[in-house]
Amino acid sequence: MSEIKVALIGNPNTGKTSLFNRLTGLNQKVGNYPGITVDKKVGHTKLNNIIGAEVIDLPGTYSLNASSLDEDVAVQVLSDKTNENYPDVVVVVVDIENLKRNLFLYSQVKDLGIPTILAINMVDQMTVRGIDIDKQEMEALLETKIAFVSSKQNKGISYLKKLIIDFKDLSVVPCFIEEPTVFSVLAKDDKKKHHLETVRRYQFIKSVLEKTYRQDPQNAKDLRSILDKVLIHKYFGYLIFFTILFSIFQALFSWSAFPMDYIDETFAGFSEMARAHLSEGVFTDLLAEGIIPGIGGVVIFIPQIAFLFLFTSVLEESGYMSRVVFLMDKIMRKFGLSGKSIVPLISGTACAIPAIMATRNIENWKERLITILVTPFTTCSARLPVYAIIISLIVPAEAKFMSFNVQGLMLMALYLLGFGMAIVSATILDKVLKLGSKSYFVVEMPNYKLPLFKNVAYNVIEKTKAFVFEAGKIILALSILLWVLASYGPGDNFNNAETIVSQNHPNHTEEELQTEISSYKLENSYIGIMGKTIEPVIRPLGYDWKIGIAVITSFAAREVFVGTLATIYSVGNEEESTIKERMRNEVFQDSKKPVYSFATGVSILLFYAFAMQCMSTIAIVKRETNGWKWPMIQMFVMSGFAYLTALIAFQILK
C-alpha cells in the first residue's frame, strides 16, 4: 500500500487535534521532532483500499513568523524538502467562526508552493450561528479545494480523504504574493516590510471573506455570547471558576474513596496470598514485604488521579479552560507574568515536565525563565498520593464544614497554596532578574462544545497510564533496594536481635515479643542506621527516621513517599493490614505518641508542597535552560524553603 505524507497545521483551538484523532483513531504515536524536544504526533490512516496516509500533527501556531519553538518546528518542516517530515500535502485546519485570523496562516502555507487543502472545521455551528459560505467562490479566490468538516460529529472526513488522495490535482499557485520574501523568517529583520506584508495579507483575506462569507445575526442562536457574559464576568467568572474547582476537589475524595479502599485491601490480600502459597524464603519475603506493598502504594491512587484528569480533560475539551486562562491573565499581569505563563502553570497540575516544555510558546526569555522556575510549585499529580494519604490520616473522613467535606477543602487549599506560591515567587523573580522586556498576551476563545467521549477517555487513560508506569519503574527498583536495606544489617545488634529483646523484655507475651523483635531489627538494619543518622535533622520537623528515609527517596519522585513507607512498615510485619492502617498505628518508640499527628501531618504537607523532589523535572529544567545553574538554584531554594516552612508549622502546632 502506497502512503501519502500529510501535515496537519492550524491555529490553537481550531479542532486540529480532534480532526487528527478522527483521521487516525488510536493508530498514532508521540515522539520528538529531530534535534528538538517539541512533541509531535504521527498517525496512520487508510484513505482507500490501496492508499494510506501518514498524518503528522504539527504544533498549533498562529503564523509562520517563527517567534517560538513550536512555530519554528512548523517552519522547519514546511520549508525544508529534505526534512523527514516534509509533506506531500498540507491540510490547514480553520475554525468556521474565526476565518479571518485563521486564514492568515493558510495564506502563508499556500504561498510555500506545497499542495494545500483548506479544512473548515466545526461546520455543525453554521446554522446556529447564521453562517453561509460560498464554497465555490472561496475555492477560486484561495486557489485550493475546501472540505467542510465537523470532527465532533464525524462529518466531511470521507471527502477530506478524497481530496488528500487527489492532492496532485491541487493548485500550487500562491494565493497571495506581495513581496519576494513571503517567508517571514527572512523578513523578520525588516520590521516595516513584515508589518506591511501582514496588513496586506489581512486586506486580501478581508476581500475574500466579503465575497464569500455571510453571517446573519438575526439567524444566530448565540448561546456562546450568553455563556461568555457569565463565565468571564469580572466577578461571577471568578466565583464560578472557584466553585468548579471546589466541586472537583470534593469529588476527588468522595468518588474515589470506594475504589481506593478496594485496591488497598486487594494489595494487602496479595501479600497474604504470597505468604500462604509460596514457600518461606527470601523471595517470598521480598515479594510480600517489598514489591507488593511498594507497587500498591502507587496503584491505590489511580482512582483520584484518573478523576483529576477526567475533570481537567472535560474542562479543556468544552472550551472552558481558555476562559480560565483569560480570567487569570488579568491577575497574572499584576505579578509580572505573561498571560501565556498561565498555560504551563495550569498544565503543571498534571505534571511539571510537559508544563515546562509548554513554556516554549513564551517568546520573551525572562518571562519564560520565570515560568520555568515557578511552575514546579503548582501541585502536580505526583503530590496527590502524599496529600491524599496524609489528609486522610489527620482529618477524619466525616469532618464537615458547613456541610462540606473538610478533606476536600484541605486538598483544594493545598492546590491554591502551590499556585499562590508560584505567583509570589514570580513577583520576586520579576524584580530580581534583569533580563529584558515583556511580551504581549494573546488567547483564543474557542467555541463551547460538548466534550468528545473518545478524546476525554484517551486523555485520561494515557495520562494515568504514564503516571503509573513512570512512577512504577522507580518504585519497583526502590522497593527492592529498600527491602534489602531494611532486611539486613551489620553487627551484633541486628544478628542477635531475638536474644537481646528477649533478655530486655522477659515478661512480654509471644506476640509482643515478635513485634518488639521486628522493630528492633528494623532500627538496627542498614536503612535504620541511615535513618537514625539523619534523624537529628528531620526530628525538629516532627518526623521519625522512617519518614526521613521516605522523604529522601522521594527526591527521585514525590509519589515514592507512600511506596517507601509501605515497604518499610511491611518488613518483618506478619500482619496483613492496609498501608493507611499501618501509618495510623505507627507510634514514636520513645514517647509512644502517634507519629502522624496533626502537627506532623501539616509539616509533611507543607514540605511536599514546596520541595523540589523530582529528578525528571530537574533534568528538563536543565535541558530548557541549557545548564545546571538554574535547576540547582531551583532545587536548593525550593527545598530550603520547604524545610523552613515545615519546621515553623510543626513547632507552632505541636
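Reader: Which strand does β1 join through 5 bridges, and in what sense do they run?

Author: That's β5, residues 89–95; β1 and β5 run parallel, with 5 bridges joining them. Keep in mind that this is a predicted model.

Reader: Ok. Which residue stands opposite Ala-7 there?

Author: Val-90 in β5.

Reader: And how does β1 pair with β4?

Author: In the parallel sense again: β1, residues 2–10, pairs with β4, residues 51–57, over 7 bridges. On that side, Ile-4 stands opposite Ala-53 of β4.

Reader: Zooming out, how many helices and strands does the protein chain have?

Author: There are 28 helices and 11 strands in the protein chain.

Reader: What share of the residues is buried?

Author: Buried residues account for 54% of the 654 in the protein chain.

Reader: And of the contacts between residues at least 6 apart in sequence, what percentage join residues at least 24 apart?

Author: 74% of them do, counting within the protein chain.

Reader: Which residues make the nonpolar surface patch?

Author: Val-282, Leu-476, Ile-480, Val-484, Tyr-488 and Tyr-526 make a patch of about 480 Å².

Reader: Where does the largest share of that patch come from?

Author: From helix α18, residues 453–487, which gives 3 residues. Leu-476 is found in α18.

Reader: Why does Leu-476 count as partly exposed?

Author: Because its relative accessibility is 35%, and partly exposed covers the range between the 20% limit for buried and the 50% limit for exposed.

Reader: New topic: Ser-150. Where is that one found?

Author: Ser-150 is in the loop between β8 (145–148) and α5 (157–165).

Reader: Loop residue, then. Is Ser-150 buried or exposed?

Author: Buried: its relative accessible area is 0%, and the cut-off for buried is under 20%.

Reader: What does its side chain reach?

Author: The Ser-150 side chain reaches the backbone nitrogen of Gln-153 at 3.1 Å. There's also a polar contact of 2.9 Å between the side chains of Ser-150 and Asp-124.

Reader: Leaving aside neighbours within four places in sequence, which residues is Ser-150 in contact with?

Author: Asn-121, Met-122, Val-123, Asp-124 and Lys-155. So Asp-124, the side-chain partner at 2.9 Å, turns up in that list too, and Ser-150 itself is buried at 0% relative accessible area.

Definitions and conventions
Residues are numbered from 1 along each chain as its sequence is written. This is a predicted model: local features need pLDDT of at least 70, side-chain atom pairs count only at pLDDT 80 or more; totals for chains, interfaces and linings use all residues. Side-chain values use heavy atoms; hydrogens and water are left out. Two strands pair if DSSP finds at least two bridges between them. Helices (H or I, at least four residues) and strands (E, at least two) are DSSP runs, numbered from the N terminus. Buried means under 20% relative accessible area, exposed over 50%, partly exposed in between (1.4 Å probe, protein chains only). Contact means heavy atoms within 4.5 Å. Patches are made of residues with over 30% relative accessible area and no salt bridge: like charges are joined within 9 Å, nonpolar side chains (Val, Leu, Ile, Met, Phe, Trp, Tyr) within 5 Å. Accessible areas come from the Shrake-Rupley method with a 1.4 Å probe; for residues, only the protein chains shown count as cover. A salt bridge is a side-chain nitrogen of Lys or Arg within 4 Å of a carboxyl oxygen of Asp or Glu. A polar contact is a pair of N or O atoms within 3.5 Å; within protein, one must be able to donate a hydrogen and the other to accept it, and residues adjacent in sequence count only if both atoms are side-chain atoms.
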